[in-house]
Structure formats: structure tokens, C-alpha cells
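Take a walk through this protein, one region at a time.

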Amino acid sequence: MAIARDQDVELTVTTLAHGGLGIARLDGRVVFVSDAIPGETVRARVTEQKKSFWRADTVEVLEASPHRREHIWAEASIERAPEDRAGGADLGHIDLSHQRELKQQVLRESLARFGKVERDVPVEPVTGDTGVNGLGYRTRISLHVAGGGTVGPYAARSNRVIPVQSLPLAVAEVAEAAPLAEKMVGVQRVDVLLAAEGGARLIIDEQAPSPIVERVGEREFQLDDGGFWQVHRSAAQVLTDAVQEAIIPERFDAAAGNLDLYGGVGLLAAAVGDRFGERTRITSVESDERATEHAAENLADWLGARTVNARVDRFLVDLEGAVGTRGAKGATVVLDPPRSGAGREVVERLASLAPAQIVYVACDPVAFSRDVGTFAELGWRLEKLRAFDLFPHTHHLEAVGTLVPIDA
Ligand SMILES: C[S@@+](CC[C@H](N)C(=O)[O-])C[C@H]1O[C@@H](n2cnc3c(N)ncnc32)[C@H](O)[C@@H]1O
């Protein structure tokens, strides 16, 4: 008998897919299942029926995994109807150390499938997270406002605002400042953030940006309150350390045309300069004008630092055509693209500039693995790799890899 949308089916989940959904099979067809754990048998409601796959939401656990825990967020629990579950903590029903094992497996499988490389590294916890069960780390939270003024997160895979009483992933100051009990009629979005100075603040819709200060060790970074900064309170420090460690010193030349691509406000250019000295030549390239202005100020005390406001692809075309310079030959390149990855064009252009090493900071394992695959076609190999759990209770992970020419 044909199975209809909204009908319940029994599924056994075998693995976790990139994106945090479980994978099950039904009559040979792939079904992506929310709120399940590999090894579990669940009753799930079919929500989508495409030709190549279906989607379903767990409504009851029939055989539970030993790694199942009470969800860290009552409003996201499977006790609720799927459409009433808050989004943003899609692994919150899984034991924290098992979440990391599952993310490790996602990275390993992505690299094998899209990067054609066998690599298996642990997803390292941020110091201090395990002792507090991975809670209270977000210094930034985006909330949305429903027609009637109710403020809350969206439900998973939907634009439905879910009223909630708490924000367990937020740092205490952000959780307290979030206007969860207010009615904000006429508003669409509220961002709540905590910078290093000045307490928590709200950003309502497209309000004019104002500068804030973030701190990493002794170093201060100025940026706009609506601008990009890492979400986990320790992420900027973790990535600074990881990038410094990922650079192979024997391949580093302070006088080469070193690059910090997708540089934001200069965090990782500063990491390179802090390790190799203020005379290190490095150009930070960023497409957002305000972020580039801040990067110029943040890197002002570095004799060798320069900032360029440009799209990375265009910048690389110009660099290729530049006469009388070494371009990026022998350079160290830090590459920290948005979720979609650098993409084939950027990877091809970069490889043709013959840098000595590329440190790739990746927030999406599949996009990263695809780019690693493209680099491999062009004669590059993944020399080092680490992964970090910068987003506990969600499927997200951060990877930092060093790529070098195959013959290096
Ligand atoms: C993942 S963030 C990294 C920022 C910085 N490296 C950091 O760690 O704070 C990616 C940055 O790339 C910028 N960006 C996105 N697409 C870009 C492009 N095509 N060219 C240059 N910058 C881009 C974004 O504005 C954002 O600042």
C-alpha cells in the first residue's frame, strides 16, 4: 500500500548525515529522519516525498540508543509535535561525547566521498565545555518575531517562530537579555550578542551598526555589532591557536606574499603575525567594506599587514595578472570561506599561484571535502587535519587542514 505524506512509518536509522539528520531506508529508498540516533528504531512521520529521498520526523522512539539523553532544551524535545520543536539544537538529545563521535564520522565520510582522502581525526572539545555539558557557549543568538509579536527561534527547517522560556546554548548574559517574554509587534528579527566589553546588546532588524570590541588574549579587535565574529565564546582563541599550529614553519616565508583570504576583521592575519612577527607580510582580503575598514585598524600596528576590500575570486585574478611581483609564490595562505566553501574557481586560481601551503579553516565538512578533492586533482594533499566542537548540541563542526603540494 502506498505511504502518504503525514503517515507514520517504522524506521531503523543507520548513520548520521551531514546536516544532523539520521539516514534510514524504506523499501530501498533513503529517508532522512530528524531527532533520531544511529542504531535506533523509531516511529517517524513522513513530511516530504521527493523522487530520490524522503524526509520524516521522529515522533516516538521504539528502540532507544544507549546514547539518548533527555533533550537539553524542553522546547525542542520529541515530546512535542514536530512542528512545535525549537530549532538550533538538533543533536541536543544525544550524549555530548557521542555527538562528537558522530561528527567525526561525518567528517571522515565526507573526506572519503568528496575529497577522495582517508582521514579520521577526533572532534576536539573546547576546554571547559564538557564539564558544563556543552551549554552556555553562544555569544550570539538570532531570534525571530511572529506576526503577533512573539519572540523566539524558528522551528527546525521552517520559518515558524517557537516561543521558548530559555536559551540553554547562550551565555548567561545573552540568555538574560533575550526578550523572550516581550511582544515586539512590527519587528522581524532580534539578534542578541555579548562582546568583550559593555554587556549584552540587542540588534533589532536592520538598525544602524555600531562598533564593538572583542578580545583574543591580549589583542583587541574592533568590529560592527552586526558583523561576523565566531559564535562560541572561545572560538576565536581556539582558531587562532589552531591556525598557528597548522602552519608548517619550514614552509613559511615571512617575506612572501602571504594571504588571509575571507579575512573578516583580521582575526587570522593577526594569528599569523603573532606567531611569526610584525614584519610578516600578509594581505587580508574581505568583501565586506565595513569589516575591511575594521581589519585595517585592527592590523594597523603590523608593519607588513595590508587589507584589501575585494571578492577573493576577483582579487586572485588581479594577483595572477600583476606584473613584477611574486604574487603568492612560496606564500602561506589562510583560507576561511563561508559555509559554501571556496569553490572550484578559487581553488584553481590559488593552486596556479604556487603558494607553499594553504591553511583551510572550514565550517562545512562537505564543502571543505569538495575543495580538498579539487586541490587533490591539482596536485595538492592534505598534510594535517584537526577538528573542533565549536557548536555543541548542533551538527556543526569546524575543521582546520593544511594543504601542501604533493611533491613537498
Ligand atoms: C567564515 S567568515 C571568516 C572571517 C574571519 N576569517 C574570522 O575568522 O573572523 C567568512 C568571511 O568571508 C567574507 N566573504 C564572503 N564571501 C566572500 C568573497 N567572495 N570574497 C571575500 N570575502 C568574502 C564574509 O564577509 C566573512 O567575513
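UniProt positions are given here in the numbering of this structure, feature names are shortened, and annotations may be inferred rather than shown by experiment. This is a predicted model: local features need pLDDT of at least 70, side-chain atom pairs count only at pLDDT 80 or more, and totals for chains, interfaces and linings use all residues. Residues are numbered from 1 along each chain as its sequence is written.

Begin with the record. Under "binding site", an unreviewed UniProt entry lists Gln230, Tyr262, Glu286 and Asp336. Look at Gln230. It sits in the loop between β12 and α3 (235–246). Helices (H or I, at least four residues) and strands (E, at least two) are DSSP runs, numbered from the N terminus. Is Gln230 buried or exposed? Gln230 is buried, because 21 other C-beta atoms lie within 10 Å. The cut-offs are these: a residue is buried with 20 or more other C-beta atoms within 10 Å of its own, exposed with 12 or fewer, and partly exposed in between, with C-beta atoms placed from the backbone.

Now turn to Tyr262. This residue lies in the loop between β13 (258–261) and α4. Tyr262 is buried, with 21 other C-beta atoms within 10 Å. Which residues does Tyr262 touch, not counting residues up to four places away in sequence? They are Glu286, Val312, Leu335, Asp336, Pro337 and Pro338. Touching, or contact, means that the C-beta atoms of two residues, placed from the backbone, lie within 7 Å.

Next comes the ligand. It is surrounded by 15 residues, and the closest are Tyr262, Gly264, Ser287, Val312 and Asp336. A residue is near a molecule or strand if its C-beta atom, placed from the backbone, lies within 6 Å of it. α4 and β14 each supply at least two residues of this shell. The shell divides into eight nonpolar, three polar and four charged residues. Ala, Val, Leu, Ile, Met, Phe, Trp, Tyr, Cys and Pro count as nonpolar, Asp, Glu, Lys and Arg as charged, and the others, Gly among them, as polar.

The unreviewed UniProt entry also annotates Cys363 as "active site". Find Cys363 in the loop between β17 (357–362) and α8 (365–377). Cys363 counts as partly exposed, because it has 19 C-beta neighbours inside 10 Å. Leaving aside neighbours within four places in sequence, Cys363 is in contact with Arg339, His396 and Glu398.

In α5 (residues 289–298), the buried residues are Ala291, Thr292, His294, Ala295 and Asn298. They cover an arc of only 160° around the axis, so they are on the same side of α5. The arc is that of the directions from the helix axis to the C-beta atoms. Their cover includes β12 (219–224), α4 (267–276), β14 (282–286) and β15 (305–309).

In α7 (residues 343–352), Val346, Val347 and Leu350 are the buried residues. Their arc is only 100° around the axis, which puts them on the same side of α7. They pack against α6 (312–321), β16 (332–335), β17 and α8. After α7 comes Ala354, with a positive phi near 55°.

Finally, step back. The protein has eight helices and 19 strands. Buried residues make up 46% of its 408 residues. Along its principal axes, the C-alpha trace spans about 70 × 50 × 35 Å.
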